[in-house]
Amino acid sequence: MTENIFEKMAQTYDTAERKQLAQIITKKIEPEFYGKVLDYGGGTGLVSLPLAEQADELLLVDPAEQMLAVAQHKINQQHLTNVRVLQADFTKETPELAVDTIVLSLVLLHIPDTKKILTELFELLPKGGKLLIVDFVKNSQVYHPKVHNGFAESELSSLLKTIGFSQVSIQPFYRGEKIFMNQNAELFLATCYK
């Protein structure tokens with residue numbers, strides 16, 4: 001993940017477009033958001049903070065310190081007592097944490113080694129725990145040297161099952177204009193149980 005870009009973007013990250021997309025994602029994952037939740041790559045908390053009161057605990061994890069500083073400011077403003085932030089990069093080292101649900105929203109596309117990060121997240125979950133992945137459906141119109149151009153349902157499903165997830169359900173749920181590198185794109189939700 002290119003932390004320096006996100007460090008620089010932190011103060012201006014919450015644009016109207018990002019907030020609008022985050023609201024769509026938040027609404028989609030809301031029924032699955034409970035227990036001890038870890039939002040990996042949670043940034044400024046756009047997706048998970050609106051659901052914080054639904055969780056027993058919410059841990060926002062991000063490699064970018066400045067993104068978490070923005071999130072912490074929101075947490076303080078909203079007096080959220082069950083939320084904490086943790087600066088960590090699981091592609092380098094994964095701390096031991098006890099969680100029931102992991103959210104990975106528009107993060108997987110930024111991580112070069114998909115299998116490694118999904119394996120790390122799998123290891124954190126207890127039996128019966130779940131991983132929620134929101135990302136873009138594979139899109140041939142998108143090219144960027146540091147970003148995956150989305151994910152094909154069959155390939156991702158196969159990879160998740162190889163890692164050990166027992167149940168994997170992937171559903172496209174939103175199509176938007178210019179939401180992925182200025183291209184029209186479709187979002188999916190993958191619900192994966194260990």
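This note goes through a predicted model, point by point.

1. Basis. Local features need pLDDT of at least 70 and side-chain atom pairs count only at pLDDT 80 or more, whereas totals for chains, interfaces and linings use all residues. Residues are numbered from 1 along each chain as its sequence is written, and side-chain values use heavy atoms, with hydrogens and water left out.

2. Core. The largest nonpolar core holds 68 residues. Such a core is a set of buried Ala, Val, Leu, Ile, Met, Phe, Trp, Tyr and Cys residues joined through side-chain atoms within 4.5 Å. Buried means under 20% relative accessible area, exposed over 50%, and partly exposed in between (1.4 Å probe, protein chains only). Leu38, Phe90, Leu118, Leu131 and Ile133 have the most contacts inside this core. Strand E7 (residues 183-193) gives the most to it, with six residues. Helices (H or I, at least four residues) and strands (E, at least two) are DSSP runs, numbered from the N terminus.

3. Leucine 131 and alanine 190. Contact means heavy atoms within 4.5 Å. Neighbours within four places in sequence aside, leucine 131 has contacts that include Ile102, Leu104, Leu118, Phe165 and Ala190. Alanine 190 lies in strand E7 and is buried, at 0% relative accessibility.

4. Helix H2. H2 has 14 residues and reaches 20 Å from its first C-alpha to its last, close to the 20 Å expected at 1.5 Å a residue. The expected span is 1.5 Å times one less than the number of residues. Leu21, Ala22, Ile25, Thr26 and Ile29 are buried in H2. They cover an arc of only 145° around the axis, which puts them on the same side of H2. The arc is that of the directions from the helix axis to the C-beta atoms. The face turned away from the buried side carries exposed Ala16, Glu17, Gln23 and Lys27. The cover over the buried residues of H2 includes strands E4 (101-105), E5 (130-136), E6 and E7.

5. The largest pocket has a volume of about 1,000 Å³. Of its 40 lining residues, Phe6, Tyr13, Arg18, Leu106 and His110 are the closest to the centre. H2 gives the most to the lining, with seven residues. Helix H1 (3-9), helix H2 (16-29) and strand E6 (167-180) each supply at least two. On a 1 Å grid over the protein atoms alone, a pocket is an open set of points where a 1.4 Å probe fits, with protein on both sides within 12 Å along at least five of seven lines; lining residues have an atom within 4 Å of a point. Grid points are joined across faces, edges and corners, and the volume is the space filled by probe spheres set on the points.

6. Helix H3. The 13 residues of H3 (residues 65-77) should span 18 Å, and the end C-alpha atoms are 18 Å apart, which agrees. Met67, Leu68, Val70, Ala71, Lys74 and Ile75 are buried in H3. They cover an arc of only 155° around the axis, which puts them on the same side of H3. Just after H3, histidine 79 takes a positive phi of about 55°.

7. Leucine 49. This residue sits in the loop between strand E1 (36-40) and strand E2 (57-62). Leucine 49 counts as buried, at 4% relative accessibility. Neighbours within four places in sequence aside, its contacts include Ala71, Lys74 and Ile75.
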